[in-house]
Amino acid sequence: MSDQRDQIVVRVRKLSKSYDGLSNVLDNISFDVGKGETFVVIGPSGAGKTTLLRLIDLLEYPTSGRLNFSGQDTTQLDNYDRLKLRRRIGMVFQTTILFSTNVYSNVAYGLRLRDRSEDDEPKSVSRALKTVGLQNLEERYAKTLSGGEAQRVAIARILAYGPELLLLDEPTQHLDIGRQLEMVDLIRSLSRRGIAILATMHDLTLIDGAFSSVWLLSPGDTMRKGTLEDMLQPELLERAFKYPPRYRSMLEDRIRGRKERVL
Ligand SMILES: Nc1ncnc2c1ncn2[C@@H]1O[C@H](COP(=O)(O)OP(=O)(O)OP(=O)(O)O)[C@@H](O)[C@H]1O
Ligand SMILES: [Mg+2]
């Protein structure tokens, strides 16, 4: 059996990030993400959810603290070694970025960047597109895709090379309800394959059952970790999302209604 430490994909200790040197966007955050674990970060706009994902994707440097990926302390690495580690991570950004070429080349890009065998490329591309439900779109010019399709191509590009860690920043925001549910299903099936997933999501209704843990980020507070049930506390949400107490009964109704799938 492998050592428990081999199963930790990301280890974060006392991580803080400040952009202006005066106040911390993220303050003293610690957590581990294990192989196949799925975590979702919730919190008000501006709480630092994207910042957290960008730090883990090694696009930003923390102001203090430690961030280990696969046992390596990333804060000690030079740019070349950080780039090498980044190639084992996949991040889908809040705003999808696709190249002005067809869907096939967009998906193949991640494989080419990693010098994967050209012989296997067509198979890897079509398998990844099938996983996200976009088979037969290979020849389509990527800029003509709908927002939801573009987002799924961005995910296929990552799945084609097989990351150890998938970072999804608001993966459901451009999707209709059917595609949202498919996305949640996709997250479940990817985690069963052993990919660790860290997502951010605004819609709490989609979190149910798809994530092993929910983290609540709220400015001026420590990050809370728990189940969705732990987070659905009106007082806690009121404080975190800073909405007026007059909405309390409305939220209580929605939390009660959630049990009947109304939220
Ligand atoms: N490069 C930057 N320079 C300066 N400030 C930044 C930078 N990036 C983010 N910030 C600030 O850091 C804070 C956290 O931003 P972040 O994008 O992480 O929030 P978020 O929780 O993802 O919000 P949303 O839910 O709206 O996506 C915000 O106040 C933002 O303006
Ligand atoms: Mg964000």
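Student: Why is S3 largely enclosed by the rest of the structure?
Tutor: Keep in mind that this is a predicted model. A residue counts as buried if 20 or more other C-beta atoms lie within 10 Å of its own. S3 is largely enclosed because its buried residues number five of five.

Student: Which residues of S3 are buried on each side?
Tutor: Both faces of the strand are covered. Phe-39 and Val-41 are buried on one side, and on the other the buried ones are Thr-38, Val-40 and Ile-42.

Student: Which residue in S8 stands opposite Thr-38?
Tutor: Start with the pairing: S3 and S8 run parallel and are joined by four bridges. Within S8, Thr-38 stands opposite Ile-197.

Student: And what is the bridge partner of Ile-42 in S9?
Tutor: Strand S9 covers residues 213-216 and runs parallel to S3, with four bridges between them. The partner of Ile-42 there is Leu-216.

Student: Which strands are at the edges of the sheet?
Tutor: The sheet is open, with mixed pairing and the order S6-S7-S8-S3-S9-S10. An edge strand pairs on one side only, and that picks out S6 and S10.

Student: At about what angle to S8 does helix H6 run?
Tutor: Helix H6, residues 177-192, lies across S3, S7 and S8. Its angle to S8 is about 155°.

Student: How many charged residues are in the shell around ligand 1?
Tutor: The residues surrounding ligand 1 include Tyr-19, Lys-49 and Gln-94. By class, the shell has three nonpolar and seven polar residues, and the charged ones number one.

Terms used. Residues are numbered from 1 along each chain as its sequence is written. Chains are lettered from A and ligands numbered from 1 in the order in which they are written. This is a predicted model: local features need pLDDT of at least 70, side-chain atom pairs count only at pLDDT 80 or more; totals for chains, interfaces and linings use all residues. A residue is near a molecule or strand if its C-beta atom, placed from the backbone, lies within 6 Å of it. Ala, Val, Leu, Ile, Met, Phe, Trp, Tyr, Cys and Pro count as nonpolar, Asp, Glu, Lys and Arg as charged, and the others, Gly among them, as polar. Two strands pair if DSSP finds at least two bridges between them. Helices (H or I, at least four residues) and strands (E, at least two) are DSSP runs, numbered from the N terminus. Two residues are in contact if their C-beta atoms, placed from the backbone, lie within 7 Å. Axes are lines fitted to C-alpha atoms, for helices over the stretch in contact, and angles run from 0 to 180 degrees between N-to-C directions. A residue is buried if 20 or more other C-beta atoms lie within 10 Å of its own, exposed if 12 or fewer, and partly exposed in between; C-beta atoms are placed from the backbone.
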